Amino acid sequence: MSDLATLLDERAVRFEARAAGRDKAIVLAGEALVAAGAVDPGYVDTMLERERSVPTYIGEGVAIPHGTLAGKELVHRDALSFVRFPDGVDWGGQPATIAIGIAAKGDGHVELLARIAELLLDPGTAAALREVTNLEDLRALLAEEDEE
Amino acid sequence: MTTIDGSTVRKLVVACDAGMGSSAMLAGTLKKQLKKSGVEVVHSPVAEIPADADVVVTHKGLAERARGVAGDTPVVPFDLFLGDPAVAKVVKAIQDKAQIDV
């Protein structure tokens, strides 16, 4: 896997965020990518645009907002942000606890996304991901290898 | 109705809008699941679906656009990003080298 510390910069992680609605939550997830130096600020608008065409709520209380194809030009490097909303956010009618903002130029983030999908397909680890409150535990969850 | 012959699938494409979010996630998952079957899994924006794709998997909202680009290549629409039964069926057909109608 690509370096987790680079893909998920500590500046792009928030455990105690609040947002009154989906768009505000997307802005927070986008600003976290900006804070990590992964995207230009203009990228956040393309995240909102993309959400309006195809929503990014994927299940298990998790949404993965990201920009449009045109927004790719505003991406500096592959990166994820992780913003947790302990009180939840109404994500177009679905209750979201976590917004994972995505910025990608290439495929550096694909394995990490697959790992997140794997965590979410198991109710136990999905709950653990929703309840994580510090960077160390988050990285430990994401770094675990397959038990094949 | 199109038939997918799991034994002949060499390249599976997950198509999406920008190719960086849900399609990338699903591609990563399928890559893991199909590693042993030797199938190449890629993700791409709908408009850039590669011509040598054997199966295209895409969100139902993009299926029509994907069909327009993919020509005769079977397009499998899915609804759920996590654990969609239509996607699971394709994976199983490839793993079992079986035929399915989509």
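Student: Are A:Phe15 and A:Phe82 buried or exposed?

Tutor: Both A:Phe15 and A:Phe82 are buried. Keep in mind as we go that this is a predicted model.

Student: How are the rings of A:Phe15 and A:Phe82 placed, and what is the pair called?

Tutor: For two rings, look at the distance between centres and then at the angle between planes. Planes under 30 degrees apart count as stacked, over 60 as edge-to-face and the rest as tilted. Here the centres of A:Phe15 and A:Phe82 are 5.9 Å apart and the planes stand at 50°, so the pair is tilted.

Student: Which parts of chain A does that pair tie together?

Tutor: A:Phe15 sits in the loop between strand E1 (13-14) and helix H2 (22-35), while A:Phe82 belongs to strand E4 (residues 79-91), so parts 67 residues apart in sequence are tied together.

Student: How many aromatic pairs does the structure hold?

Tutor: There are two over all chains. In B:Phe78 and B:Phe81 the ring centres lie 5.7 Å apart with planes at 75°, so that pair is edge-to-face. B:Phe78 is buried, at a relative accessible area of 4%, and B:Phe81 also counts as buried, at 11%.

Student: Let's turn to charges. How many salt bridges are there over all chains?

Tutor: The structure holds 13.

Student: Are A:Arg18 and A:Asp87 buried or exposed?

Tutor: The cut-off for exposed is over 50% relative accessible area. A:Arg18 has 54%, so A:Arg18 is exposed. A:Asp87 has 59%, so A:Asp87 counts as exposed too.

Student: Where do A:Glu118 and A:Arg115 lie?

Tutor: Both are in helix H4 (residues 110-121) of chain A, three residues apart, which is about one turn of the helix. A:Arg115 is buried, with a relative accessible area of 6%, whereas A:Glu118 counts as partly exposed at 27%.

Student: What does A:Glu118 form with B:Lys32?

Tutor: A:Glu118 forms a salt bridge with B:Lys32 as well, the closest N and O atoms being 3.2 Å apart. Across the interface of chain B and chain A, the rule finds one salt bridge.

Student: How should I read the rest of that interface?

Tutor: Start with who touches whom, then look at the area. In this model, 17 residues of chain B are in contact with 30 residues of chain A. Together the chains bury about 1900 Å², with 67% of that on carbon and sulfur atoms. On the chain B side, B:Met20, B:Met25 and B:Leu82 lose the most area to chain A, together 37% of what that side buries.

Student: How many residue pairs are in polar contact across the interface?

Tutor: The rule finds two, both at pLDDT 80 or more. Helix H1 (22-34) and strand E3 (40-45) of chain B each supply at least two residues of the side that touches chain A. H1(B) gives the most, with six residues. By class, that side of chain B has eight nonpolar, six polar and three charged residues.

How values were computed
Residues are numbered from 1 along each chain as its sequence is written. Chains are lettered from A and ligands numbered from 1 in the order in which they are written. This is a predicted model: local features need pLDDT of at least 70, side-chain atom pairs count only at pLDDT 80 or more; totals for chains, interfaces and linings use all residues. Side-chain values use heavy atoms; hydrogens and water are left out. Contact means heavy atoms within 4.5 Å. Buried area is the accessible area (1.4 Å probe) that two parts lose on being put together, summed over both. A salt bridge is a side-chain nitrogen of Lys or Arg within 4 Å of a carboxyl oxygen of Asp or Glu. A polar contact is a pair of N or O atoms within 3.5 Å; within protein, one must be able to donate a hydrogen and the other to accept it, and residues adjacent in sequence count only if both atoms are side-chain atoms. Helices (H or I, at least four residues) and strands (E, at least two) are DSSP runs, numbered from the N terminus. Ala, Val, Leu, Ile, Met, Phe, Trp, Tyr, Cys and Pro count as nonpolar, Asp, Glu, Lys and Arg as charged, and the others, Gly among them, as polar. Rings of Phe, Tyr and Trp (its six-membered ring) pair if their centres lie within 6.5 Å; planes under 30 degrees apart count as stacked, over 60 as edge-to-face and the rest as tilted. Buried means under 20% relative accessible area, exposed over 50%, partly exposed in between (1.4 Å probe, protein chains only).
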